[in-house]
Amino acid sequence: MAEVEMETRVESPVHFLIKIDSFSIFFKNGIDKFETKEFESGEYKWRLVIYPNGRGKDGEGYVSVYLAMTNTNALTSNLEVNATFSIFLFNHFSGNFCYSLGRARQFHALKQEWGFIKFISKKDFTDPLNGYLVDDKCGFGAEVFVHKTKAVIECLSLKSVDNCWKRVDQF
């Protein structure tokens, strides 16, 4: 799995931003998972889930960040929510946000969390020259755009077809 492809922009995320004043506490206290407070987008509630030491074996050496849908008990087993989301990381030096390119995913009762196991390497994140973790402070954010699923569906049923196609060189 490759690291996340990132873009940069000045504007902060429109749906959620968390400023963490002492990120090293996660490392010092062995906190492997942190869930933010809920925020709304569309008619649904979401939260960021940050894994400071990576998520699982594939995430070792990385900070993993996921988007989780929180009010999933309202979902029936056949209902899915389609959303495009980006996760943000603040750069203290430039004042810009690095963010993941928007990902379209389906959230449902059996898959409530999507994200990036290799959001950023811990080495790059903790290097003070990169500007992501400065004086033990950092910022993460999210944008979530829920898609209304009102697709036009067409069904074509052919019961019998005569061979009406001829090769052009037969004319």
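Does C98 count as buried or exposed, and at what relative accessibility? At 10% relative accessibility C98 counts as buried, where buried stands for under 20% relative accessible area, exposed for over 50% and partly exposed for what lies in between, with a 1.4 Å probe and protein chains only. The model is a predicted one, in which local features need pLDDT of at least 70 and side-chain atom pairs count only at pLDDT 80 or more, while totals for chains, interfaces and linings use all residues. Residues are numbered from 1 along each chain as its sequence is written, and side-chain values use heavy atoms, with hydrogens and water left out.

C138 is also buried, with a relative accessible area of 3%. The count of disulfides comes to 0, a disulfide being a pair of cysteine sulfur atoms within 2.5 Å.

Turning to the chain as a whole, its secondary structure comes to 2 helices and 11 strands, which are DSSP runs numbered from the N terminus (H or I and at least four residues for helices, E and at least two for strands). Along the sequence these elements follow the pattern β-β-α-β-β-β-β-β-β-β-β-α-β. Of the 171 residues in the protein chain, 39% are buried. Contact means heavy atoms within 4.5 Å, and among contacts between residues at least 6 apart in sequence, 66% join residues at least 24 apart. The accessible surface of the chain comes to about 10900 Å², of which 51% belongs to carbon and sulfur atoms; such areas come from the Shrake-Rupley method with a 1.4 Å probe, and for residues only the protein chains shown count as cover.

One place to look inside is strand β10 (residues 113-121), which is largely enclosed by the rest of the structure, because 8 of its 9 residues are buried. Strand β6 (residues 62-69) runs antiparallel to β10 and is joined to it by 6 bridges, where two strands pair if DSSP finds at least two bridges between them. Within this pairing, Y66 stands opposite G115 in β10.

Strand β6 also holds S64, a buried residue with a relative accessible area of 0%. A polar atom of the S64 side chain lies 2.5 Å from the backbone oxygen of I117. Leaving aside neighbours within four places in sequence, the residues in contact with S64 include V49, I50, Y51, F116, I117 and F119.

In soluble globular proteins, nonpolar side chains tend to be buried together. A nonpolar core is a set of buried Ala, Val, Leu, Ile, Met, Phe, Trp, Tyr and Cys residues joined through side-chain atoms within 4.5 Å. The largest such core here has 32 residues, of which W46, F119, F125 and F140 touch the most other members. At least two residues of this core come from each of β2 (16-20), β5 (44-51), β6, β7 (80-90), β10 and β11, and β7 gives the most, with 5 residues. A second, separate core of 5 residues includes Y51, Y66, A68 and I117.

The last stop is the loop between α2 (122-126) and β11 (138-147), where D135 has its place. Most residues other than glycine have a negative phi. The phi of D135, however, is positive, near 55°, and D135 counts as exposed at 67% relative accessibility. D136 is in the loop between α2 and β11 as well, with a positive phi near 70°, and is partly exposed, its relative accessible area being 23%.

Conventions: A polar contact is a pair of N or O atoms within 3.5 Å; within protein, one must be able to donate a hydrogen and the other to accept it, and residues adjacent in sequence count only if both atoms are side-chain atoms.
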